Amino acid sequence: MVEREMGGSTDNCNHSGDTEPPKSPEDESSERPEAQCTQDLKSVLITSVLNLEKLDVDLYRGTHHWVPRSQRLFGGQIVGQALVAAAASVSDNLYAHSLHCYFVRAGDPKVPVLYQVDRTRDGRSFTVRSVRAIQHGQPILICQASFHMLQPSPLQHQFTMPVVPQPEDLLTVEELIHRYLSKPDLAKKSRQGLNKLLANEVPIEIKPVHPPHFYRLSAVELRKLFWVRARGYIGEGNMKLHCCVAAYVSDYAFLGTALLPHPNYRAQFSASLDHAMWFHNTFRSDEWMLYECESPWAGGSRGLVQGRLWRRDGVLAASCSQEGVLRVKPVTEPSKL
Ligand SMILES: CCC(=O)SCCNC(=O)CCNC(=O)[C@H](O)C(C)(C)COP(=O)(O)OP(=O)(O)OC[C@H]1O[C@@H](n2cnc3c(N)ncnc32)[C@H](O)[C@@H]1OP(=O)(O)O
């Protein structure tokens, strides 16, 4: 299994120019003390979703865990699995610094996905892999991932993390849903929708910073901010794997950001068309990270979204961009939530 092949590397995905990786939060804080972590269930993301089966040289098979209501495969799962397959063929001193993907066909949840890796180039500093995710003999995703060795640089800067409440002071999506469900005047349709959401087995935990806005239940918030982490324990040590988990996480609820400026419309059909990601610094995907998402543009039945994943100590861990198709229709009834 790839997880084992990828094991053994240390948490140094630092591309900020330092050969000394910056301290990640787990080095200093005890957000999830080790004693507690060992009691936690291992994240299903590493035991199952991202634990690909090796079929042959550079050929892997991935299975599904959570499938969205659209009954097409979750884009983050396909990207995360493609990155696992790509990373398995690069040496331990190289770390993913970027990936660029196109979702060319809807993924079929009834069959597994094959990942075929092409070793595009091995350079002195950078190594590039191309991955085709295949179902029914046809590509559903094409992905290029680039890996870089740690290199020093005097150039270092980053934006500043938004000031937001800490995750300990916020409610999880599940807690918020229970709170909404306790409203006696909740519309039947909304109640059904929320119960379906509760039944989801999404392997990530989310704490919205602006809860009423998270599902567009009230006034317009143009920027989406939420704390996110993998459910269960992953542990430090394998930065390649944390990048794959972050790729999974980064697609969750991302495209919906483009609907925030348009509360009078809801998506009739939406699907991500492409997804790009850049990894900047070490992080742990099983510890809270702030996902800051915004949409600079929408038009022509498409929307562009951009996101930044922040470590809770304010270090920028990764940046993401995505364009998606958004076919909308006007909202006819006001929400009773
Ligand atoms: C959470 C976000 C995610 O994870 S989404 C999952 C990851 N992304 C994906 O699965 C997207 C994969 N890619 C695709 O499915 C295709 O490339 C998409 C985006 C649909 C583009 O396809 P397109 O070139 O339109 O394909 P198609 O001709 O097969 O049509 C697909 C369905 O869309 C419809 N469609 C097409 N054009 C229009 C239009 N102008 N107006 C209204 N509807 C249109 C087609 O009729 C077709 O519908 P149906 O499937 O037959 O019901």
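Let's start at Leu 222, which sits in the loop between α8 (211-214) and β8 (224-230). Those labels come from DSSP runs, numbered from the N terminus: helices are H or I with at least four residues, and strands are E with at least two. Before going on, keep in mind that this is a predicted model, where local features need pLDDT of at least 70, side-chain atom pairs count only at pLDDT 80 or more, and totals for chains, interfaces and linings use all residues. Residues are numbered from 1 along each chain as its sequence is written, and side-chain values use heavy atoms, with hydrogens and water left out.

So is Leu 222 buried or exposed? Leu 222 counts as exposed because its relative accessibility is 52%. The cut-offs are under 20% relative accessible area for buried, over 50% for exposed, and partly exposed in between, using a 1.4 Å probe and protein chains only. Leaving out residues up to four places away in sequence, Leu 222 touches Thr 257, Leu 260, Pro 261, Cys 293 and Glu 294, where contact means heavy atoms within 4.5 Å. Val 325 is 103 residues apart from Leu 222 along the chain, and their C-alpha atoms are separated by 19 Å.

Now look at the strands. Strand β9 (residues 265-279) pairs with strand β3 (residues 94-103) in the antiparallel sense over 5 bridges; two strands pair if DSSP finds at least two bridges between them. Within that pairing, Leu 99 has Met 277 in β9 as its bridge partner. Strand β12 (residues 316-330) also pairs with β9, again antiparallel, over 13 bridges. There, Trp 278 stands opposite Ser 319 in β12.

With 1% relative accessibility, His 275 counts as buried. Its side chain makes a polar contact with the side chain of Gln 322 at 2.8 Å. A polar contact is a pair of N or O atoms within 3.5 Å; within protein, one must be able to donate a hydrogen and the other to accept it, and residues adjacent in sequence count only if both atoms are side-chain atoms. Among the other residues that His 275 touches are Leu 99, Phe 103 and Asp 251.

Over in strand β5 (residues 126-135), 7 of the 10 residues are buried. β5 pairs with strand β4 (residues 113-122) in the antiparallel sense over 7 bridges, and a hairpin of 3 residues joins the two. Strand β6 (residues 138-149) runs antiparallel to β5 and is joined to it by 10 bridges. The hairpin between β5 and β6 has 2 residues, and His 136 in its turn has a positive phi of about 50 degrees.

Finally, there's the ligand. How many residues surround the ligand? The shell holds 15 residues, the closest being Arg 72, Gly 75, Asp 251, Ser 272 and Arg 327; a residue is near if one of its heavy atoms lies within 4 Å. A ligand oxygen atom is 2.8 Å from an N or O atom in the side chain of Arg 72, while a ligand nitrogen atom is 3.3 Å from a polar backbone atom of Phe 103. On its own the ligand has 1,000 Å² of accessible area, and the protein covers 45% of that (areas come from the Shrake-Rupley method with a 1.4 Å probe; for residues, only the protein chains shown count as cover). β9 gives the largest share of the shell, 4 residues.
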